[in-house]
Each structure stands twice: as C-alpha cells, then as structure tokens.
Amino acid sequence: MANGVSDVGADAPAGGFVQLLTPDGERRESVTTADGTTYSVDFTDEEYRDLYRDLVTVRRLDAEATALQRQGELGIWASLLGQEAAQVGSGRALRPQDMAFPTYREHGVLYTRGIDPIMPFGLFRGVDQGGWDANEHRFNGYTIVIGSQTLHATGYAMGVTMDGKTGTPDGEAVIAYFGDGATSQGEVNEAFVWAGVFNAPMVFFCQNNQYAISEPLERQTRIPLYRRAAGFGFPGVRIDGNDVLASYAVTRAALDNARNGQGPTLIEAYTYRMGAHTSSDDPTRYRIASEVESWKAKDPISRLRAFLTKQQLAGEEFFAEVDESAKTLALDLRERVLAMPDPQPVTMFDHVYPHGSPEVDAQRARFADYHASFEGSDH
C-alpha cells in the first residue's frame with residue numbers, strides 16, 4: 001500500500017491505483033485500499049460482453065466524428081480516444097436517478113445515459129447548442145468553459161440534500177467530470193470547498209489524461225491529484241483509468257456513499273489521451289511517440305478482449321459481430337450528420353430566453369436587416 005491506494009503492479013504510477021483488470025487481461029477479484037475499502041465487481045458473463053460492446057461502439061463513433069471534422073463537416077471535435085474505460089465504467093455505475101455534469105469530451109458517458117449519439121453533433125456542427133433533455137436523461141449539457149460545471153454540479157447536489165433526497169440507498173447522487181488541467185482552475189477548487197463543507201452528495205471524477213492541452217501533469221501539480229481531496233475534507237482515490245472494471249467499482253461505491261449521506265469523493269482516473277486535445281491541436285509538438293506507444297499496451301479495449309478470450313466468455317464470432325454493429329451505427333451516424341439542416345443565422349436569437357425578450361427581438365430585427373443588406377452582392 002502507498003498513499004491510501006493499492007500498489008498493483010509495475011504499470012501503476014507512483015503511489016499505485018485501484019486496478020481490477022491488468023493490461024494483459026488478468027482479473028483481480030478485489031482490491032483493498034489503505035483505508036480498508038474493498039472494491040470488486042460481480043458481473044454476469046453477458047454484462048462483461050456488454051461492457052466490451054460499449055467500449056468498441058463508443059470508440060468507433062468517436063473515430064467517425066474525427067473523420068467528419070477532418071472532412072470539414074464539423075467545426076471542431078474533442079476525441080475521447082484512450083479514455084473509453086473511464087467514461088463507460090463510470091457511466092454504467094450511475095443509477096437512473098443520478099445526475100451527471102460533463103465537460104465537452106464525455107461522449108462515452110452520454111452514450112451510457114441512453115442519449116442518441118447524434119446529439120453532440122448539432123453542437124459541434126453549429127446547428128444547435130446540444131439538443132437533449134438534461135432532466136430526462138439525467139445528463140447536463142456539454143460545458144466548454146473549463147471547470148465551471150463542477151460548481152454547477154455542486155450547487156445541484158446541495159439542492160438534492162435540501163430536497164431530502166439523500167440518506168437512503170435509493171437516494172440521488174451527482175457526478176461531475178473534468179480533466180487534470182481543470183484542477184488548476186479556481187472554479188474546481190471552489191467546488192471542492194462547497195462540496196466538502198456542505199457534505200454534498202457529489203463524486204468529482206477527474207480524467208487525468210496526462211496533458212492539459214500541451215501542459216504535462218508535472219506542470220499542474222506537485223502531488224497526485226487524488227490526494228488534493230484530503231485538504232478539502234473528503235476522500236480521494238486513484239484508479240487505473242484504462243480499466244473499465246475499476247472505473248465501475250470505485251464510481252459505484254463513491255456514488256452510493258454520496259447518496260447515503262457520506263459526502264463527496266474525488267476519483268482520479270489515471271489514463272491517457274491517445275489523440276489530440278481537440279481537432280485543432282497537434283500533440284506531436286509537445287509529446288514523444290514512444291510515450292504514446294507505451295500507453296497503447298494499456299489499451300482499455302484490448303485488455304477486456306484479452307480477459308473475455310482467456311475466460312472463454314467470447315470468441316472471434318462475437319468480436320466480429322461487435323465490430324460490424326459498431327461500424328453500422330457509425331455509418332448511420334455519418335448519414336444523419338450530413339443530413340442536418342444548415343440553420344439560418346437569424347435563428348441564433350430563437351432560444352436566448354424561454355419566453356422571449358423585447359431587447360432580443362430588437363437585436364434580431366437589426367441583425368435581419370443587416371444580413372438582408374448583403375443580398376444580391378458578392379459578399
């Protein structure tokens with residue numbers, strides 16, 4: 001044991017992390033951390049296969065989005081490549097009543113909440129601002145401003161407590177997603193203060209993908225990120241973010257603690273962003289190829305496939321069917337994205353306020369006149 005986290009092998013960072021599935025597909029029945037907490041999962045064979053299907057499907061949809069952006073069909077795209085296990089595992093750990101607050105990269109969590117995968121594409125294509133019903137799906141809109149969603153989530157969680165929806169196993173919990181770079185933002189630390197002081201039913205889920213755009217982790221912190229939680233009065237735990245089983249087990253436990261009135265937890269999912277920060281970024285300018293190659297050996301999909309194969313839970317026919325199904329979904333997604341209508345510029349005023357506004361109406365009219373002035377010209 002070290003720093004409250006299990007030391008689980010040579011592939012772990014300094015201080016170790018919770019890992020239930022090794023990179024070569026070996027399954028650990030449980031891991032007990034220094035505080036005496038034991039983490040494990042109890043899945044059926046079909047549930048293991050479903051997790052694999054989730055991981056493959058989410059990666060294939062993400063790859064299609066990257067291709068669409070490169071072909072000029074999206075303005076920008078933030079890929080989750082390499083982070084599928086952190087997102088799918090934590091997303092599947094949510095109960096139906098729980099509420100999630102994402103950044104702009106949580107396409108895998110969105111998928112696990114049952115939201116049509118096309119929904120983020122309206123945002124990144126400039127068609128809308130994200131079209132899903134946050135209350136229906138218990139998944140808030142994407143947040144572009146770094147770290148601000150943690151304050152939104154904490155305020156929401158405080159409201160959950162005020163509404164008397166905690167203290168029982170069927171209570172409500174809240175999870176906020178953010179990256180390692182966001183931990184340097186004031187909003188995130190303020191959220192930690194409020195959540196800790198008010199014992200909010202919160203899980204702070206940090207996907208530490210090693211780079212805040214181009215800044216490596218060592219320029220963000222002197223200590224492992226999960227240890228920051230102690231200064232705010234609640235527990236922190238680091239997990240192998242490429243292990244979907246650990247992601248599920250630790251997130252489920254933290255959410256259940258929150259809903260039962262035991263307050264917040266910080267989870268640091270130690271993972272790696274295999275691609276660019278966004279499609280406008282060139283990661284070759286700030287990291288070396290050998291580093292990327294070393295993380296390929298820890299791929300979340302490969303290790304679960306190895307486990308399924310070793311345990312004889314799936315064979316080549318299953319893997320081929322999953323690949324084909326994911327490809328079909330991706331091609332369907334592409335066709336639907338390309339069929340999206342191009343909205344008229346004046347529609348940007350439509351949903352500023354739910355019941356309209358005289359000021360916005362005046363702005364709309366002036367903009368419409370200005371836009372009409374270009375008709376018949378070469379502009």
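Q: What is Tyr 52 in contact with, leaving aside its neighbours within four places in sequence?
A: In this predicted model, Tyr 52 touches Ile 301, Leu 304, Arg 305, Leu 308, Phe 318, Phe 319 and Val 322.

Q: And which residues have the most contacts inside the largest nonpolar core?
A: Tyr 52 is one of them, along with Phe 121, Leu 245 and Leu 308. That core has 68 residues.

Q: What lies apart from it?
A: Another core, of 24 residues. Phe 101, Phe 192, Phe 204 and Leu 225 are among its members.

Q: Back to Arg 305. Which ring does it lie over?
A: The ring of Phe 319, with 4.0 Å to the ring centre.

Q: Which residues are buried in helix α11?
A: The helix covers residues 300–310, and Pro 300, Ile 301, Arg 303, Leu 304, Phe 307 and Leu 308 are buried there. They sit on the same side of α11, because their arc around the axis is only 165°.

Q: What caps the N-terminal end of α11?
A: Asp 299 does, through a side-chain oxygen 3.0 Å from the backbone nitrogen of Ile 301.

Q: Switching to Glu 64. Where is it, and is it buried or exposed?
A: Glu 64 is in helix α1, residues 45–70. It counts as buried because its relative accessibility is 5%, and the cut-off for buried is under 20%.

Q: What does the side chain of Glu 64 join to?
A: The side chain of Arg 334, by a polar contact of 2.5 Å. Not counting residues up to four places away in sequence, Glu 64 touches Ala 330 as well as Arg 334.

Q: Aromatics next. How many aromatic pairs are there?
A: The structure holds 28. One of them is Trp 194 with Phe 198, a stacked pair at 5.4 Å centre to centre with 10° between the planes.

Q: Which residues form the aromatic cluster with Trp 295?
A: Phe 17, Tyr 211, Tyr 270, Tyr 272 and Tyr 286 are in that cluster with Trp 295. The charged end of Lys 298 sits over the Trp 295 ring, 4.3 Å from its centre.

Methods: Residues are numbered from 1 along each chain as its sequence is written. This is a predicted model: local features need pLDDT of at least 70, side-chain atom pairs count only at pLDDT 80 or more; totals for chains, interfaces and linings use all residues. Side-chain values use heavy atoms; hydrogens and water are left out. Helices (H or I, at least four residues) and strands (E, at least two) are DSSP runs, numbered from the N terminus. Buried means under 20% relative accessible area, exposed over 50%, partly exposed in between (1.4 Å probe, protein chains only). A polar contact is a pair of N or O atoms within 3.5 Å; within protein, one must be able to donate a hydrogen and the other to accept it, and residues adjacent in sequence count only if both atoms are side-chain atoms. Contact means heavy atoms within 4.5 Å. A nonpolar core is a set of buried Ala, Val, Leu, Ile, Met, Phe, Trp, Tyr and Cys residues joined through side-chain atoms within 4.5 Å. Rings of Phe, Tyr and Trp (its six-membered ring) pair if their centres lie within 6.5 Å; planes under 30 degrees apart count as stacked, over 60 as edge-to-face and the rest as tilted. A charge sits over a ring if NZ of Lys or CZ of Arg is within 6 Å of the ring centre and within 35 degrees of the ring normal. The arc is that of the directions from the helix axis to the C-beta atoms.
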